[in-house]
Amino acid sequence: MQTDLLCQPIGSLVRRLAIPVGIGFFFNTMFNVVDTWYASRLSTQAVAAVSLSFPLFFLIIAVGSGISTGATAIIGHALGGGRREEAELYAAQTISFALLHGILLTVFGLLAAPVIFRLMGAEGEYLSLAVAYMGAMFCGSAFFIANQAHNAILNASGDTKSFRNFLLLAFSLNLIYDPWFIYGGFGLPPLGLAGIAWGTVTIQFIGTLYLHHRARQTGLLGGLGCHGFIPRRKMFLELARLGFPSSLTMLTVAIGIFVITWFVGRFGHEAVAAYGIATRIEQIVLLPVMGLNVATLTLVAQNSGAGLYDRVRETIRIALKSGITLMCIGTLLVFAFADPLMRFFTADPPVIAIGVQYLRIVAFLFHAYVILYINSFALQGLQLPRFPLFLGLFRQFMAPLPVFWLLAIVLGWGVTGVWWGIFFVTWLSAGLSLLYIRKTMRELQYDNGISG
């Protein structure tokens, strides 16, 4: 597979890698949709608690995704450069690196979650629901992050199907586990909203067992025995060098969600619930882009490792073109069907009205997200993670704070001001991203010309 990624046509490789990932992310998103639907059966406050928890849950996602992105780039570069033994050692070190951070994140999360939720305005039953839900999630941090680490090994070797298979299995199990863990039965007591989280953690544990088996079958794990998993300072530092900026870039999304949730929370828990539901719908539409992200990262990492920069440029061009074309359909569908999509999750009129308003504004942001995501993953594949980190801080924190305050509070637009603030800041960031990636590609073209 590694040789195929260096010689076969880019268009067919993008499709081969992206489609399984897109399917996998579809089932992952539907997993979250099922969770949101069951939470809505409990109460609007339960949905709001899940929405309130998302910035903290995204911390787990950010750490796992950052480690996965950095490891994919490192292992992919080693494979593309023909350094098989180095790739195997980094694969083993990635697992150790991930487990260590999973344990640290569990300790941090259990201590910090109640404090953070209070800062976000939660109290009483609202606070109790959020703490119980997120506490269970943090207990499973090691499994979440280990799964991302195994996925990095699989992606770097060109296998995007195994993780898809796990996500399909996870979705299927979740249909059974959600009602079982919420309402109890077969010896399990009813756990309420926290049951959704404990069901998720159980599924992630099952996934760790399966993905470890699949990663071993690539030949990148197991050849070094237990000795390969003993932490090595130099390799941990290299994983940190690429992984931490990637994690911080993802963490800026969590910060952005925290900022948005803080502003939205000023307008009631109905607004928070509407935002939580609407973002689930938004995630479904962006699924094809998630597949293109992983395809871009894998192809750019291996081909840049082999010095094939013409194929790097072609990968980025095809991924951008494909994503923008797909999002034209997404924009039309979300704008036209915003109301029935919201009604699928809730019958609360204020929640529906706020969510519809958000969706009809964000529908015209999908193309901006394509530009931001594809360019960010391309730069990660080139082992240039600093600009995505800077842009993430700008888009999620530095720009939103004054823009949201101006539109929502000073001008008195209310929650609508937050939605339009997201619109303006995201498009500005997409423009900056496009300028930077063009500059980077020109420099690559110049350097490639000199070397040739």
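This is a predicted model: local features need pLDDT of at least 70, side-chain atom pairs count only at pLDDT 80 or more; totals for chains, interfaces and linings use all residues.
1. Start with the fold: we have 17 helices and zero strands. On contacts, if you take pairs of residues at least 6 apart in sequence, 84% of them link residues at least 24 apart.

2. The overall dimensions check out. A compact globule of 452 residues would have a radius of gyration near 22 Å, and the protein comes in at 21 Å, so the two agree. Along the principal axes, the C-alpha atoms fill a box of roughly 65 × 50 × 35 Å.

3. On to burial and surface. Of the 452 residues, 58% are buried. The accessible surface is about 18100 Å², and carbon and sulfur atoms account for 68% of that.

4. For charges, I'd note 27 positive side chains against 18 negative ones. The centres of the two sets are 6 Å apart.

5. Helix H10 (residues 269–285) passes a simple length check: at 1.5 Å a residue, its 17 residues should span 24 Å, and the end C-alpha atoms are 25 Å apart, so that agrees. H10 is also mostly covered, with 13 of its 17 residues buried.

6. Finally, have a look at Gln-383, in the loop between helix H14 (366–381) and helix H15 (386–398). Its relative accessibility is 22%, so Gln-383 counts as partly exposed; the cut-off for buried is under 20%. Setting aside neighbours within four places in sequence, Gln-383 touches Ala-73, Ile-74, His-77, Arg-241 and Leu-242. Take Leu-242: this residue is 141 residues from Gln-383 along the chain, yet their C-alpha atoms are separated by 6.9 Å.

How values were computed:
Residues are numbered from 1 along each chain as its sequence is written. Side-chain values use heavy atoms; hydrogens and water are left out. Helices (H or I, at least four residues) and strands (E, at least two) are DSSP runs, numbered from the N terminus. The radius of gyration is taken over C-alpha atoms; the globule rule is 2.2 Å times the number of residues to the power 0.38. Buried means under 20% relative accessible area, exposed over 50%, partly exposed in between (1.4 Å probe, protein chains only). Contact means heavy atoms within 4.5 Å. Accessible areas come from the Shrake-Rupley method with a 1.4 Å probe; for residues, only the protein chains shown count as cover. Lys and Arg count as positive and Asp and Glu as negative; His and the chain ends are not counted. The place of a charge is taken as NZ of Lys, CZ of Arg, CG of Asp or CD of Glu. The expected span of a helix is 1.5 Å times one less than its number of residues.
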